[in-house]
Amino acid sequence: MKELIKKHLYTSRSPVSDENNNLVYEVASELNADIIKSKCGSEVLSWIIPLYWKVIKGQLKDLSGNILVDFKNNPLHLWINSITFQGRITKQELENHILTDRNRPDLIPYHYKFGFSSALQNWGFCISYNDYIKMHDNEYIVDIETELHNDNYMLTGVKTLNGKSDGSTYIFAAHTCHPAIAVDGLTNVIVLMEVFRELEKRNVKNTYKFVFGSEYYAAAAFLNTLNEKEEKSIKGAFFCDLIGADTKPAYSSSL
């Protein structure tokens, strides 16, 4: 399981991307799970599936060509779903496209707003505050090249363990997106994989489903496939997050 985390932790797992789909494929393959394909831009329940995003290049340079920020070094450096922008820009203009956190000066923030709304299109960099305060030039070169379009699909995985009874279904979910943040998504997928491997060894009474994919959208894509009988059979759902964080276990009810 540690190898799966190492393999996917620093990949660009935006909500709809090759990297996120690859992780869904791999988990589904290991669990022999089903896969739901949702077209980008399509409506599932009240949600619109986000645009597909592929990063070709994401760099910030000084006028001498020295690379100050590079997406290849850490996928957090580029705002999720940044559009293509290439050109020379003043520092004053650039500051509208930089996210930093002076309260946690060593950390690179995560900017995800544009990944959840296709109507909002912009570009930007996330930089640690300690690196940001070293930027004293008046002008910089932005070199961002991406693909952002509807011509692709979001994948959602569903692993089902059928119980002996014909009545109660319980859903467990975790999200596969959020690059370079292990406890916000990835570790939770790994833990639920192990939970379902253990459940497979048992003669379970209830039916259990493990839903994994992009946050919010995977759950909507899954629920959109259910008929009325299947909907009524759901007695509870558990979304697992922040497993592995340095905090005490907590449970929050939606009722």
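Trainee: Where is the place of Asn 81?
Mentor: Asn 81 sits in the loop between strand S5 (67-70) and strand S6 (85-90); strands are DSSP runs of E, at least two residues, numbered from the N terminus. This is a predicted model, in which local features need pLDDT of at least 70, side-chain atom pairs count only at pLDDT 80 or more, and totals for chains, interfaces and linings use all residues. Residues are numbered from 1 along each chain as its sequence is written, and side-chain values use heavy atoms, with hydrogens and water left out.

Trainee: Is Asn 81 buried or exposed?
Mentor: Asn 81 is buried, because its relative accessible area is 4%; buried means under 20%, exposed over 50%, and partly exposed in between, with a 1.4 Å probe and protein chains only.

Trainee: Which residues does Asn 81 touch?
Mentor: Leaving aside residues up to four places away in sequence, Asn 81 touches Ser 14, Leu 51, Trp 53, Phe 114, Gly 115, Asn 122 and Leu 148 (contact means heavy atoms within 4.5 Å). A polar atom of the Asn 81 side chain lies 3.5 Å from the backbone oxygen of Phe 114.

Trainee: Changing topic, how many residues has helix H5?
Mentor: Helix H5 (residues 182-200) has 19 residues; helices are DSSP runs of H or I, at least four residues. From first C-alpha to last, H5 reaches 26 Å, close to the 27 Å expected at 1.5 Å a residue, that span being 1.5 Å times one less than the number of residues.

Trainee: What covers the buried residues of H5?
Mentor: The cover includes helix H1 (2-8), helix H2 (18-31) and strand S10 (153-161). Among the buried residues of H5 are Leu 186, Met 193 and Phe 196.

Notes. A polar contact is a pair of N or O atoms within 3.5 Å; within protein, one must be able to donate a hydrogen and the other to accept it, and residues adjacent in sequence count only if both atoms are side-chain atoms.
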